[in-house]
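Work through the following exercises with the sequence and the structure side by side, and try each task before reading its solution.

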Amino acid sequence: MDLLVGQLFTGLSTGSILLLAALGLSLTFGQMGVINMAHGEFIMAGCYTAYVVQQIAGDAGVSLLIALPLGFAVGGAMGLVLEALLIRHLYHRPLDTLLVTFGVGLILQQVARDVFGAPAVNVSVPPALRGGVDLLGVTVPKTRLFIMGLAIVAVTAVALVLRFTPAGRRIRAVVGNRDLAETAGISSRAVDAGTFFIGSGLAGVAGVALTLIGSTSPTTGQSYLVDAFLVVVAGGLGRIKGAVVAAVALGATQAVFETYSTASLAKVGVFIVIVVFLQLRPQGLFTLRTRSLA
Amino acid sequence: MNRFFASRPGTWAGFAAAAAVLFGLAPLVLSGFRLGLLAQFLCYAIVAVGIGLAWGRGGMLTLGQGVFFGMGAYLMAMHLKMADAAFRNGPGAVPDFMELAGIRELPAYWAPFASPVFTIAAILLLPTGFAVLLGLAVFKRRVKGAYFAILSQALAGAFAILLIGQQSLGGFNGLSRFRYFFGYNLDDPVNQQMLYYIAAGVLLAAVAIALQLRRSRYGELLLAVRDAEARVRFLGYDAANIKTVAYATAALFASVAGAVFVPIVGIISPASIGIVPSIMFLLGVAIGGRATLLGPVLGALAVYWAQTTLSEQFPSGWVYAQGLLFVLVIALLPGGIASITALAKRIPTKRAPAEAAA
């Protein structure tokens, strides 16, 4: 029983980290069919935002509260710039965008290396989040609970914005049918920029949260990026629901594999599971029904 | 093949000129050290030929060629380690790095690699077979575009992590310090030159195979799949098979390149085959011109040459240059350097390769 609860929790925790990293990616991928390889570097920017804020503010609790919105702003601003300078012009070449944004990622990593140095830096955890809580007989670190809560808040917020606000309605319209949306008077260019701002901002938030459970180095974002991509692939294009289910499922799969083998074999196991899964559902868990050939 | 060569004397002349430069000129003018570096770059160029085929002609963005490169490299390295151990301590001895790691018993999967024939067969067949299986699994279900790119990238990540976890494959440090290559002492400059000739020969062979594939009916089909997969399907062809052949050929080239790479460089570790090195294979291909035959070769040679000369002097500057090259070449010059002449002549190329590849 304890083992089961422990596993369940590890899976949920890994899943919520994946979800935070993948949520913004799924939004931008679904919006423009664009794979943003620099998304990992936006996460990294969030991590360093938390670090810098703590260096200035000092107190761990206050700095976390400042860093969360600031991380969103930093990530979002970087996304806006990237979208305006590059991605907008490559809209019809999604695979090329992938490589271009990889180049941007390389540059951002090196900027971080030159500014903050190659060695990892640490952000101290607020006293309120130190230690653990006993849940159903298992000791659960508070930081992990915080990240789970943050993931839930982020997903709910995105879902509510998409569902109920005029901006969200425009985003859904463009995702559903870009040409028709433009005909209806929606500026898809403005919507693209807005979506990119939100998606990249979420990466920044993810980065701030990740400083609670690990140290920050210039390659931090990259290490989360591949898993985040897998979540998006398994979840299906542009569906928040898909990203949530896929993230939790992948987290659980990894946790189960890790129990019975090693962490390195778990990565391979997850990869095999995804390839097999794509045999069953090539377009991911949840797909928008379209009649296009592609 | 003969038909094509007969009808195109220029092709013969081109191969003869390349052979003359690689086999005649380069060993004369380059020092032993430089020749070794060139041999290493030639290995990367072999990988690039395969990527040019799969990505440039087939539209499959393979971000995981490091997997196949690594497979070939590790298979060869295992044989070299076994041969070294047998030379020192008699047949069936445990390679030196395992002794250091405290592994006394030879793992069962290492044993067959004492045989050179088995090793070479494995280098040729294992990665190719794996690519066929994976290719069929993915392409039959019409997983393509960015989805395929991400999967291939995840594969590279998983493979590198798997290798790091295997102490019986050297773990994080990989396999290194090889003394003999099929009985030839690797410290002898003559044998180092022989390795260079092998790399050059393999590269020429790879280019010849790629050329033949491009000019055959298959090459036309591959191009058609890249530009309009649905139409090819409606004509009754199985697009998945067509793509898988190109993917597996690219895997074969990468594997052989890895196998030749190991005795030349003397080390293979997970760090040189993971996600980032796998994407780096693409940079030269993109710069040279992904859809051309020789663009990937020349691009790869240029990029790795620049990397070696510049990264020591300006380590951080080189990373910026790499990133900028990715951004500028792919955003502004998707046809690579090869497309500059076409642009200069102001011939409007109606279907730019990149546009179609997307």
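**Exercise 1.** Determine how helix 3 and helix 12 of chain B are arranged relative to each other, and describe the residues of their contact.

In this predicted model, begin with the geometry: helix 3 (residues 32-57) and helix 12 (residues 275-288) of chain B pack at an angle of about 75°, and their axes are 9 Å apart. Because angles of 65 to 115 degrees count as roughly perpendicular, the two helices of chain B are assigned to that class. Next, list the partners: B:Y44, B:V47, B:A48, B:I51, B:G52, B:W55 and B:G56 of helix 3 meet B:F281, B:L282, B:G284 and B:V285 of helix 12. Finally, sort the residues of this contact by class, which gives eight nonpolar, three polar and no charged.

**Exercise 2.** Locate B:D84 and decide whether this residue is buried, partly exposed or exposed.

B:D84 lies in helix 4 (residues 65-89) of chain B. Counting around B:D84 gives 18 other C-beta atoms within 10 Å; since a buried residue needs 20 or more and an exposed one has 12 or fewer, B:D84 is partly exposed. Once neighbours within four places in sequence are set aside, the contacts of B:D84 are B:P95, B:F178, B:R179 and B:Y180.

**Exercise 3.** Which helix of chain A gives the most to the side that touches chain B?

The contact takes 35 residues from chain A and 40 residues from chain B. On the side of chain A, helix 4 (94-116), helix 9 (220-235) and helix 11 (263-280) each supply at least two residues, and helix 4 of chain A gives the most, with 14 residues. By class, this side of chain A has 23 nonpolar, seven polar and five charged residues.

Key:
Residues numbered from 1 in each chain as written. Chains lettered and ligands numbered in written order. Predicted model: local features only at pLDDT ≥ 70, side-chain atom pairs only at ≥ 80, totals over all residues. Helix = DSSP H or I, 4+ residues; strand = E, 2+ residues; numbered from the N terminus. Contact = placed C-beta atoms within 7 Å. Axes fitted to C-alpha atoms, helices over the stretch in contact; angles between N-to-C directions. Parallel < 35°, antiparallel > 145°, perpendicular 65-115°, else oblique. Nonpolar A, V, L, I, M, F, W, Y, C, P; charged D, E, K, R; others polar.
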